Amino acid sequence: MRGTSSITKTQFNRPTEGIEIATNHPCTRCGNPAVIFQPYSGMHLCKQHLIDDITRKAKRDLRKYNIQPGTIAVALSGGKDSSALLHLLHKILAPSRKIKIVAITIDEGISGYRAKTVENASNLASNLEIPHTIITFEDAFGRTLDDLMEESDRPPCSVCGVLRKNLLNRTAKELGATHLAIGHNLDDEAQTILANHLRGDIRRLVRLSHARVQPGLVPRIKPLRHVPESEVLAYASAVGLQVCPKACPYVDAAYRLGIRIFLREFEDHHPGTRHGIMRGFDRMVGALGDAYPPASLVPCQVCGEPCTDGLCQACKMLGKC
Ligand code: SF4
């Protein structure tokens, strides 16, 4: 597929488009039939070696977070990324009796889409015997995302993202979590970094750093941040996770669509681009971290969640919707 000249919006929702999937090559490590090719490493990997590779990368990132005994809450939407993350964390951390895993699912109220992923999330949590909390926008905020979109002309992903973040943090705290694990993959991370570069928002960019711990905010960890989206999907398939093929109906309105299309096409022509963006980001955070210290936070006067000026983004947003 290398050399593909354009990627359409339809392909946006197909993580395997634009990457090289090899089924007629031997695995570089063991000679068994390969299921995926990593253009950035030059390796063909069979199912087992793909699983091993992703597990190794997740373990390496987990070590950087210096996780202590306690509870890790996993944001489980029921999509491929969060499902693969929960499966991986359960595999890696379950042997340690000192770390408890809980799952949180936010049901935003997106008709024709969210019900199925919530069902997948429930099934997975139940199969892994992981305590699972489901919270809805309707219960927490009195309105579904669909309701809010009828009242607001804001981009759906911006409303959804702010409210979900608020609810995840609130719930993780209620569950006593020391960390909140998010299923962002390499593509997500590279897109976010690039989006902030394109906006020239260096302050926000540096503050994306996971190393910053702020009062009232459960520290976020992203163990899949070095795993490409296509490989997360392949992992989900290899370990038999249910993955809903439908995409969120609001996704086409996302600002990052253009960035995603651009990045995927660029990666296609120049394998390793996403890794390069991540390396550059990590170096930038190391060099500029002190110049952009975390903002001082105070509790929101309405909901109590941390914010910079007494009224959090979620409450501001709900007031205007
Ligand atoms: Fe929310 Fe946008 Fe994701 Fe849909 S695509 S779930 S609206 S952030």
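Let me start with Glu 129, which is exposed, because its relative accessible area is 73%. On our cut-offs, buried means under 20% relative accessible area, exposed means over 50%, and partly exposed is in between, using a 1.4 Å probe and protein chains only. Quick caution: this is a predicted model, where local features need pLDDT of at least 70, side-chain atom pairs count only at pLDDT 80 or more, and totals for chains, interfaces and linings use all residues. Residues are numbered from 1 along each chain as its sequence is written, and side-chain values use heavy atoms, with hydrogens and water left out.

Back to Glu 129. You'll find Glu 129 in the loop between helix 4 (114–127) and strand 5 (132–136). Helices here are DSSP runs of H or I with at least four residues, strands are runs of E with at least two, and both are numbered from the N terminus. So what is the phi of Glu 129 near? It's near 60°, a positive value in a residue other than glycine. Most residues other than glycine have a negative phi.

Asn 66 also has a positive phi, near 50°, and isn't glycine either. Asn 66 sits in the loop between helix 2 and strand 3, and with a relative accessible area of 52% it counts as exposed. Tyr 65 is in the loop between helix 2 and strand 3 (70–75), but Tyr 65 is at 10% relative accessibility, so it counts as buried. Tyr 65 and Lys 173 are 108 residues apart in sequence, and their C-alphas are 18 Å apart in space.

Now, the charges. Which residues gather in a patch of positive charge on the surface? They're Lys 59, Arg 60, Arg 63 and Lys 91. For a patch, residues need over 30% relative accessible area and no salt bridge, and like charges are joined within 9 Å. A salt bridge, by the way, is a side-chain nitrogen of Lys or Arg within 4 Å of a carboxyl oxygen of Asp or Glu. Helix 2 (residues 47–64) gives the most to this patch, with three residues. Lys 59 lies in helix 2 and counts as partly exposed because its relative accessibility is 39%.

Last stop, helix 8 (residues 186–199). Its 14 residues reach 20 Å from first C-alpha to last, close to the 20 Å expected at 1.5 Å a residue. That expected span is 1.5 Å times one less than the number of residues. Eleven of the 14 residues are buried, so helix 8 is largely enclosed by the rest of the structure. Among the buried ones are Leu 186, Ile 193 and Asn 196.

Definitions and conventions:
Patches are made of residues with over 30% relative accessible area and no salt bridge: like charges are joined within 9 Å, nonpolar side chains (Val, Leu, Ile, Met, Phe, Trp, Tyr) within 5 Å. Accessible areas come from the Shrake-Rupley method with a 1.4 Å probe; for residues, only the protein chains shown count as cover. Lys and Arg count as positive and Asp and Glu as negative; His and the chain ends are not counted. The place of a charge is taken as NZ of Lys, CZ of Arg, CG of Asp or CD of Glu.
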